[in-house]
Amino acid sequence: MTGAPQPLSALNKVLDAEHAAVYAYGIVGARTSGGHRSSATDGFNAHRARRDQLRGLIAARGGTPSESGAAYDLPFPVNAASDAARLAALVEDRVTAAYLELAAVEDASLRRLAALAMQESAVRGYGWRPAIADLPGWTAPVGASPPPQPITPPPVSLGRQDLSR
């Protein structure tokens, strides 16, 4: 593949997204209860496991895994369960987007990992926001109302907070 991303760089970008997801799911879990709390715990555990797997892959390739921030800026206040569900859906969208670059590396095993991770994130995201966006390049049926527009900030971070101030 010409112009394919470098595996270590792509792995670290995905690791950054997983660090942010683990942090965000802690917030989501704190603002939910019942079945949503269970879904938040499942999401937290899935992202934590994927984070640990990525750290191992990076180290095995001779790289240095990126470290998690102490805290991350959230894209909006999370004061209620509805805010937490919106955050979880947004996190899954961003994690899915982060894996796109990893899906373009030359290493077939990393492309497979990226595809599986994107599938898992898409399914988790759908659980929080059961709506499917139009595929790029496909038009909506005539007379269909336009889908709600997702927030489209940069694909990875929730933004690390600078706690040294």
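The structure, which is a predicted model, holds two cavities of 30 Å³ or more. The second largest cavity contains about 30 Å³ of space, and its lining is made up of Glu18, Ala46, His47, Arg50, Tyr99, Ala117, Glu120, Ser121 and Arg124. Two elements, α2 and α4, each give two or more residues to that lining, and the largest share, four residues, comes from α4.

These features sit in a protein chain whose secondary structure comes to four helices and zero strands, so that, in the order of elements from the N terminus on, the chain reads α-α-α-α. Of its 165 residues, 36% count as buried. Among contacts between residues at least 6 apart in sequence, 78% join residues at least 24 apart.

| Helix | Residues |
|---|---|
| α1 | 7-30 |
| α2 | 34-60 |
| α3 | 81-102 |
| α4 | 108-128 |

Helix α4 has 21 residues and reaches 31 Å from its first C-alpha to its last, close to the 30 Å expected at 1.5 Å a residue. Its buried residues are Leu110, Leu113, Ala114, Ala117, Met118, Ser121, Arg124, Gly125 and Trp128. Because these residues cover an arc of only 135° around the axis, they lie on the same side of α4. The face turned away from that buried side carries the exposed residues Arg112, Gln119, Val123 and Gly127. On the buried side, the residues of α4 pack against α1, α2 and α3. Ala117, Ser121 and Arg124 are among the buried residues of α4, and these three residues also take part in lining the second largest cavity.

In soluble globular proteins, nonpolar side chains tend to be buried together. Here the largest nonpolar core has 33 residues, and those with the most contacts inside it are Val28, Leu87, Tyr99, Leu102 and Trp128. The elements that give two or more residues to this core are α1, α2, α3 and α4, with the largest share, 11 residues, coming from α3.

Which residues does Leu102 contact once its neighbours within four places in sequence are left aside? Leu102 is in contact with Ala10, Leu11, Val14, Leu110, Arg111, Leu113 and Ala114.

Conventions: Residues are numbered from 1 along each chain as its sequence is written. This is a predicted model: local features need pLDDT of at least 70, side-chain atom pairs count only at pLDDT 80 or more; totals for chains, interfaces and linings use all residues. Side-chain values use heavy atoms; hydrogens and water are left out. The expected span of a helix is 1.5 Å times one less than its number of residues. Buried means under 20% relative accessible area, exposed over 50%, partly exposed in between (1.4 Å probe, protein chains only). The arc is that of the directions from the helix axis to the C-beta atoms. Contact means heavy atoms within 4.5 Å. A nonpolar core is a set of buried Ala, Val, Leu, Ile, Met, Phe, Trp, Tyr and Cys residues joined through side-chain atoms within 4.5 Å. On a 1 Å grid over the protein atoms alone, a cavity is a set of points where a 1.4 Å probe fits but cannot get out, and a pocket is an open set with protein on both sides within 12 Å along at least five of seven lines; lining residues have an atom within 4 Å of a point. Grid points are joined across faces, edges and corners, and a volume is the space filled by probe spheres set on the points.
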